[in-house]
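Here are my notes on this model, as promised. Have the structure open while you read.

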Amino acid sequence: MVATTTKKLVGVPSGRSDDYNTPFIAWQHIMEFVPKGTPVHMPFYNDGLAGEYLEELEVNYKHKKKDFFDYQLKNENGSPMLIIDNPPYSIKEKIIETLYNRKGQSFSLLLPIDTLARVYMKKYQKNFQMVIPHEGYGFFSSNGHQASPQKCVWFCWRMAPLLKTNSQIIRLDKTIIDKFYDAVEVQKKPRKQREVYYDCLEEQ
């Protein structure tokens with residue numbers, strides 16, 4: 001879920017927004033690697049729609065409207081809780097740095113693939129992997145505005161045990177679509193009773 005972190009966006013250019021929802025298919029792709037019952041922290045809230053998607057995927061998630069930089073969730077044994085989310089891109093470097101420097105923190109962030117070319121990524125190559133979907137993803141704001149599509153992939157750190165491989169690049173097969181999802185709330189009925197639309201843009 002792309003979401004602002006309240007007071008931490010000082011200096012962001014006027015008119016630029018991080019508040020876009022992540023399509024269901026993106027969560028489905030990454031959560032296939034997470035064993036059922038594993039606690040997952042999603043620290044970037046936006047409008048909370050991502051929580052609905054993870055409920056449908058039967059994920060044991062934690063998703064609260066709090067400032068990411070002000071708190072950290074841990075498992076019962078004291079280890080850092082697994083973080084999987086779509087962060088605000090305007091401060092993605094600071095978020096990567098924060099999570100990478102947490103001892104024992106496993107995390108996966110959905111980011112534009114061109115993030116890999118940033119100079120600062122040289123500092124974060126250890127225990128790094130990428131999960132690359134066949135499809136591109138479409139993102140929508142809460143009011144229905146569609147962002148320009150871009151190729152995004154899951155950047156993963158310290159997740160080899162979950163990914164079950166040490167390969168740096170994991171390419172996903174083309175997804176067989178059996179449902180269609182939109183990232184925009186259109187009704188107040190429970191999600192499973194709503195008409196929804198597919199917002200994942202097929203890669204040309």
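1. A word on elements before anything else: helices (H or I, at least four residues) and strands (E, at least two) are DSSP runs, numbered from the N terminus. With that in hand, Thr165 falls in the loop between α4 (160–163) and β7 (169–171). Bear in mind that this is a predicted model, where local features need pLDDT of at least 70, side-chain atom pairs count only at pLDDT 80 or more, and totals for chains, interfaces and linings use all residues. Residues are numbered from 1 along each chain as its sequence is written, and side-chain values use heavy atoms, with hydrogens and water left out.

2. Leaving aside residues up to four places away in sequence, Thr165 touches Gln129, Ala160 and Ile170 (contact means heavy atoms within 4.5 Å). Thr165 and Gln129 are 36 residues apart in sequence, with 9.5 Å from C-alpha to C-alpha.

3. Ser90 sits in another loop, between β3 (82–85) and α3 (92–100). Its relative accessible area is 23%, so Ser90 counts as partly exposed. Ser90 and Asp18 are 72 residues apart in sequence and 7.0 Å apart in space, C-alpha to C-alpha.

4. Now the aromatics. Rings of Phe, Tyr and Trp (its six-membered ring) pair if their centres lie within 6.5 Å; planes under 30 degrees apart count as stacked, over 60 as edge-to-face and the rest as tilted. There are nine aromatic pairs in the structure. In one of them, Trp27 and Trp154 have ring centres 5.8 Å apart and planes at 50°, so the pair is tilted. This pair links distant parts of the chain, 127 residues apart, with Trp27 in helix α1 (residues 24–31) and Trp154 in strand β6 (residues 152–157). Trp27 is buried at 0% relative accessible area, and Trp154 is buried at 0% too.

5. Phe155 and Trp157 make another tilted pair, because their ring centres are 6.3 Å apart and their planes at 35°. Both Phe155 and Trp157 are buried.

6. Two lysines are worth a look. A charge sits over a ring if NZ of Lys or CZ of Arg is within 6 Å of the ring centre and within 35 degrees of the ring normal. The charged end of Lys66 sits over the ring of Tyr71, 4.3 Å from its centre. Likewise, the charged end of Lys94 sits over the ring of Phe69, 4.6 Å from its centre.

7. How enclosed is helix α2 (residues 49–56), and why? Six of its eight residues are buried, so the helix is largely enclosed by the rest of the structure. Those buried residues are Leu49, Ala50, Gly51, Tyr53, Leu54 and Glu56, and what covers them includes α1 and β2 (61–62). Just after α2, Glu58 takes a positive phi of about 60°.

Definitions and conventions:
Buried means under 20% relative accessible area, exposed over 50%, partly exposed in between (1.4 Å probe, protein chains only).
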